[in-house]
Amino acid sequence: MTGETARAHLVYGEWLRREGRRQDAREQLRTAHQQLSDIGMEAFAERAARELRATGERPRKRTAQPTDGLTAQELHIARLVATGATTREVAAQLFLSPRTIEAHLRSIFRKLGITSRRQLRELPPS
């Protein structure tokens with residue numbers, strides 16, 4: 001249903017732009033672009049982006065990297081753990097306590113939706 005709703009925003013936004021109502025069109029097209037990008041309908045998302053550019057606005061580029069939600073410190077720790085380093089080794093390398101590393105790992109696992117260190121190795125390098 002989300003796809004149909006997003007496409008409705010797109011078509012309505014296109015119509016508004018052609019009627020000369022650029023501000024109203026931008027609101028609809030922004031919504032369409034975000035929703036279509038989120039659900040992976042890239043062709044329609046690109047169409048919404050083109051329409052947004054036609055109204056004079058630049059759409060934000062969206063990335064599909066799962067690690068985008070991590071902080072720089074969490075990303076660094078995730079990469080070290082993915083190489084097979086233990087908590088103590090990572091802690092020593094970063095001059096942090098093992099408990100701090102474990103806290104970061106819990107946050108990383110929650111953000112990425114994973115449950116084991118092994119799954120960190122399967123993430124694409126970024």
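This is a predicted model: local features need pLDDT of at least 70, side-chain atom pairs count only at pLDDT 80 or more; totals for chains, interfaces and linings use all residues.
**Figure 1. Overview of the chain and its helices.** The chain contains 7 helices and 0 strands. Read along the sequence, its pattern is α-α-α-α-α-α-α. The chain has 126 residues, of which 34% count as buried. Among the contacts in the chain with a separation of 6 or more, 53% are between residues 24 or more positions apart.

**Figure 2. The buried and exposed faces of helix H5.** Helix H5 comprises residues 87-94. Its buried residues are Thr87, Val90, Ala91 and Leu94. These residues lie on the same side of H5, because they cover an arc of only 100 degrees around the axis. The face of H5 turned away from the buried side carries the exposed residues Arg88 and Ala92.

**Figure 3. The contact between helices H5 and H6.** The axes of the two helices come within 8 Å and cross at roughly 110 degrees. Angles of 65 to 115 degrees count as roughly perpendicular, and H5 and H6 are therefore roughly perpendicular to each other. On the H5 side, the contact involves Thr87, Arg88, Val90, Ala91 and Leu94. On the H6 side, the residues are Pro98, Ile101, Glu102 and Leu105. By class, the contact has 6 nonpolar, 1 polar and 2 charged residues.

**Figure 4. Phenylalanine 95, in the loop between H5 and H6.** Phenylalanine 95 follows H5. Is this residue buried or exposed? Phenylalanine 95 counts as exposed, because its relative accessibility is 75% and the exposed class begins over 50%. Its phi is positive, about 60 degrees, although the residue is not a glycine. As a general rule, most residues other than glycine have a negative phi.

**Figure 5. Glutamine 93, a partly exposed residue of helix H5.** Glutamine 93 is found in H5. Its relative accessible area is 49%, and the residue is therefore partly exposed. Glutamine 93 and leucine 80 are 13 residues apart in sequence. In space, the two residues are 9.5 Å apart, C-alpha to C-alpha.

**Figure 6. Two buried glutamates, Glu14 and Glu51, in contact.** Glutamate 14 lies in helix H1 (residues 2-18), and glutamate 51 lies in helix H3 (residues 42-54). Are these glutamates buried or exposed? Residues under 20% relative accessible area count as buried. Glutamate 14 is buried, with a relative accessible area of 11%. Glutamate 51 also counts as buried, at 9% relative accessibility. Leaving aside neighbours within four places in sequence, glutamate 14 is in contact with Leu29, Arg47 and Glu51. With residues up to four places away in sequence likewise set aside, glutamate 51 touches Glu14, Arg17, Arg18 and Leu29.

**Figure 7. Glutamine 34 in helix H2, shown with alanine 48.** The place of glutamine 34 is in helix H2. With a relative accessible area of 42%, glutamine 34 is partly exposed. Glutamine 34 and alanine 48 are 14 residues apart along the chain. The C-alpha atoms of these two residues are separated by 9.1 Å.

**Figure 8. Glycine 40 in the loop between helices H2 and H3.** Helix H2 spans residues 22-39, and glycine 40 lies in the loop between H2 and H3. Glycine 40 is partly exposed, with a relative accessible area of 46%. How far apart are the C-alpha atoms of glycine 40 and glycine 3? They are separated by 9.4 Å, while the two glycines are 37 residues apart along the chain.

Key:
Residues are numbered from 1 along each chain as its sequence is written. Side-chain values use heavy atoms; hydrogens and water are left out. Buried means under 20% relative accessible area, exposed over 50%, partly exposed in between (1.4 Å probe, protein chains only). Helices (H or I, at least four residues) and strands (E, at least two) are DSSP runs, numbered from the N terminus. The arc is that of the directions from the helix axis to the C-beta atoms. Contact means heavy atoms within 4.5 Å. Axes are lines fitted to C-alpha atoms, for helices over the stretch in contact, and angles run from 0 to 180 degrees between N-to-C directions. Angles under 35 degrees count as roughly parallel, over 145 as roughly antiparallel, 65 to 115 as roughly perpendicular and the rest as oblique. Ala, Val, Leu, Ile, Met, Phe, Trp, Tyr, Cys and Pro count as nonpolar, Asp, Glu, Lys and Arg as charged, and the others, Gly among them, as polar.
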